[in-house]
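Here is a short report on a protein model.

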Amino acid sequence: NNNTEKVGAVLTGARSVAVAVMAGCEGVFSQAQLVGSDGLSQALCLVNHLGSFGGLCLAVSVVVSTKEAKRRKIVSETLGLCRNLAKIERLILSLVPDFRASSLLALSPKRWCLTEHDYYSHCTIVQMDITGFTTLASTISAEELIHLIHAISTSIDYLADCITHVWKVETVGDCYIAVVGGPNHCEDHAHRAVVFACCIVE
């Protein structure tokens with residue numbers, strides 16, 4: 001009987017401590033938005049009604065499970081946001097020079113149009129079009145045409161890397177536009193542009 005009373009006293013004390021701890025943590029969990037009030041209410045009801053060590057464990061399990069579910073949701077949403085930001089960064093880096101990309105990434109996309117224009121006095125623009133492209137496009141399949149344009153564009157990109165100080169502005173269909181000098185400053189930009197053009201023709 002004495003042992004039973006001692007065990008009962010221990011369980012009662014443990015239950016009281018658990019209720020006090022969970023009640024005290026309710027504000028913390030609520031502020032962190034990790035555990036909803038429903039989960040805590042269920043846990044407290046389990047402790048109050050079951051009044052046993054098993055009930056106490058089950059109550060704690062409810063709190064932990066609810067907290068873990070909320071934590072996983074936050075982690076999942078954070079990872080999704082990081083993936084989207086990485087896609088945006090790759091897109092910007094593929095469209096503008098590195099120095100301009102870094103300034104755009106520091107701003108909200110709504111403010112991009114408010115940035116000042118860049119002005120370069122030392123640069124040469126090179127534009128390339130495929131002669132007879134319209135006629136060619138009507139004589140081969142769309143898949144063959146795409147492969148042809150891709151092969152030509154990647155070859156020109158390789159030339160640009162070899163010549164250096166060349167920034168590809170864009171490719172539109174068979175049109176390839178690049179700037180020599182400008183953001184990649186060099187004094188001999190005109191000479192490099194001629195060499196670049198001659199290499200493309202070859």
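Which residues form a nonpolar patch on the surface?

## Surface patch

Leu81, Leu85, Ile88 and Leu105 do, with about 350 Å² of accessible area together. A patch here joins residues with over 30% relative accessible area and no salt bridge; nonpolar side chains (Val, Leu, Ile, Met, Phe, Trp, Tyr) are joined within 5 Å, like charges within 9 Å. Areas come from the Shrake-Rupley method with a 1.4 Å probe, and for residues only the protein chains shown count as cover.

Helix α3 (residues 53-95) gives the most to the nonpolar patch, with 3 residues. Helices are DSSP runs (H or I, at least four residues), as are strands (E, at least two), numbered from the N terminus. Leu85 sits in helix α3. Leu85 counts as partly exposed because its relative accessibility is 48%; the partly exposed class lies between buried (under 20%) and exposed (over 50%), with a 1.4 Å probe and protein chains only.

## Basis of the model

The model is predicted: local features need pLDDT of at least 70, side-chain atom pairs count only at pLDDT 80 or more, and totals for chains, interfaces and linings use all residues. Residues are numbered from 1 along each chain as its sequence is written, and side-chain values use heavy atoms, with hydrogens and water left out.

## Nonpolar core

The largest nonpolar core has 11 residues, including Val126, Tyr176 and Phe196. Such a core is a set of buried Ala, Val, Leu, Ile, Met, Phe, Trp, Tyr and Cys residues joined through side-chain atoms within 4.5 Å. At least two of its residues come from each of β1 (123-128), α6 (142-163), β3 (175-181) and α7 (189-201).

Leaving out residues up to four places away in sequence, Val126 touches Tyr176, Ile177, Ala178, Val180, Ala193 and Phe196. Contact means heavy atoms within 4.5 Å.

## One face of α4

Helix α4 (residues 98-105) has Arg100, Ala101 and Leu104 as its buried residues. They line one face of the helix because, seen down the axis of α4, they fall within an arc of 100°. The arc is taken from the directions from the helix axis to the C-beta atoms.

## Salt bridges

The structure holds 2 salt bridges (a side-chain nitrogen of Lys or Arg within 4 Å of a carboxyl oxygen of Asp or Glu). In one, Asp157 pairs with Lys168, the closest N and O atoms being 3.2 Å apart. This pair links distant parts of the chain: Asp157 is in helix α6 and Lys168 in strand β2 (residues 166-172), 11 residues apart. Asp157 is partly exposed at 22%, and Lys168 is partly exposed at 31%.

Asp188 forms a salt bridge with Arg192, with the closest N and O atoms 2.9 Å apart.
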